[in-house]
Amino acid sequence: MTLAGISLAYLRARPLSTALNLLLLALGIAMITVLLLVTAQLEERMGRDARGIDMVAGAKGSPMQLVLSAVFHLDAPTGNIPLDDALALSRHPAVKKAIALALGDSYQGFRIVGTSKDYPAHYDARLDEGRLWNEPMEAVLGAEVAAKSRLGVGASFAGAHGLAAGGEAHEEEPFKVVGVLALNGTVLDRLVLTSIESVWEVHEHGGRPSGRREITALLIQYASPLAAATLPRQVNASASLQAASPAYESARLFRMIGVGVDVMRAFGLVLVLAAGLSVFIALLNALEERRYDLAVMRMLGASRGKLMGLMLLEGIVLALLGGIAGMALGHLCTEALGAALKAAQQTKLTGWAWNPQEPWLLVLAVAVGIAAALLPAWRAYRADVALVLAEG
Amino acid sequence: MLSVKGLRQRYSAGAVLHGAREVLALERFEAAAGEHWLVLGASGSGKTTFLNLVAGLLKPSEGEIEVGGQVLARLEGAALDRWRGRNVGIVPQKLHLVSSLSVLHNLLLAPYLAGLPADTARAGILLGSLSLSDKAAAKPHELSHGQAQRVAIARAVMNRPKLLLADEPTANLDDANCFQALELLENQAKECGATLIVATHDQRAKARFEKRLELDA
């Protein structure tokens, strides 16, 4: 027999009220847990995809669209830029590294990216099978693409025009798979890589006159931090190019999503506070029902402090149970959300990841439990035993 | 064992209603170890107040109470609660079993709250001697009044108190059960060597007790 055992016995003695309190608290904590996991994983993923890319140069339009399309491969490109302008920019002294990307086609919804071998090297990609491309129309699949399409080295496939599945197929220009990348947790997992020449070949043979050669975007790493002050301005001054900063644009994106996240987090907090209020009322009612029990405990030798502890413990036990259930629910919901989004080939989410901020959620739950139990505990402390026993 | 001198108790909590009414005045009372006393008096004569004072649940307005060599006024707060848990067994009038705990846990509550080791063996023996063995896992609401009273008596003697107090143990009982309840109290008090004090206004109890204290307010 322990105080915690007595608290549990009391909680079991009124299952409906206990269940309601647990549910409220668990829902609030679950909501905050989901937000915590999702935003942390998105930020981490986006940070990994944008690592080492200081600037993106592409066609004029929305800078956010440019970053979303060229770095994260989540949006349509803003357009194409002349190869000559891109080459000129990549030779600029402030540029340390420039990776050209040519977009336009896809396979089963996965983007086909014409690029140089610097691109997989930038993300430290390793080959799981085969080799990188050497000739036009040779392709290397990202790990997820290979898993989903069940294509291996030696297979061939036709790209579809556009970036969504179901575009017009380029049947007469099939790609040949020469390599498969190992899973590395970046955007590469969801891409089909090939040479820029392949992309040009597909489109020029597609009946269009071969005019000036174009690419879609240039991923740029600065030679020195000073370049951040001058290079974007120079690029933006040119007629055909615009510069966008992945760091700035993703921060801007998170600020926009952030409003929604804040609203949902506030809603979660309101749920947790409502749970606290509900626990408070439950304990206050319980105190009324239990005044004889408390008096008898004093009669049997329990100190005022012990009775106060008993009421506090009941709040804490409820809060801990609700908090743990909420966190479990939050992880399950995140995993379910991840499974749903996986079907849409969006960024991968998992519920089986631990966030270092999660212990604070338990602290929050327990703090709410203690706050809710404080007044009932004080009243238990103050109760006059002899009066209660005498009134019978 | 129990010695009371110049005891006066005036109401303070209900002062507005009662005035500063004196509810108990007792010049001198002595009870030796192992004696069985009956405290008699009409309702409102201060019987329950007397028991609460002796148990250290109330502080007297005036006077001194000594139980087994311990002057109660010298104990405060948690120390007084602990002393009571270890030395005084109380069977309150309304029994007050803890409804969400089983019968066995109601008994084990006594040593636990008094800071003594959980004596499950003693609880089992007591339940057996009160023919409650099959009720160990039952909740108080599943018991008859007689069974509940026996549980309350068992709880009061769990810690082998020096002083066993019972408030109106025969109220609402027919003659047969009245004498059975008193006999149980006497037997359990004898078994622990405790001084027994039974407060009642029930005239049927008179016959069983040689030592009687009459209170009249």
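Colleague: Why does the radius of gyration of chain B agree with a compact globule?

Modeller: The radius, taken over C-alpha atoms, is set against a rule of 2.2 Å times the number of residues to the power 0.38. For 217 residues the rule gives a value near 17 Å, and chain B has 17 Å, so the two agree. This is a predicted model, in which local features need pLDDT of at least 70, side-chain atom pairs count only at pLDDT 80 or more, and totals for chains, interfaces and linings use all residues. Residues are numbered from 1 along each chain as its sequence is written, with chains lettered from A and ligands numbered from 1 in the order in which they are written.

Colleague: What makes a residue of chain B count as buried, and what percentage does?

Modeller: Buried means that 20 or more other C-beta atoms, placed from the backbone, lie within 10 Å of its own. By that count, 45% of the 217 residues of chain B are buried.

Colleague: How do you know which residues of chain A and chain B are in contact, and how many are there?

Modeller: Two residues are in contact if their C-beta atoms, placed from the backbone, lie within 7 Å. That gives 21 residues of chain A and 28 residues of chain B. On the side of chain A that touches chain B, α10(A) provides the largest share, six residues. Helices here are DSSP runs of H or I, at least four residues, numbered from the N terminus.

Colleague: Where are the domains of chain A?

Modeller: An automatic or database assignment sets the bounds: domain 1 is 3–46 + 252–391 and domain 2 is 55–244. Their centres, taken over C-alpha atoms, are 49 Å apart.

Conventions
Helix = DSSP H or I, 4+ residues; strand = E, 2+ residues; numbered from the N terminus. Buried ≥ 20, exposed ≤ 12 C-beta atoms within 10 Å, placed from the backbone.
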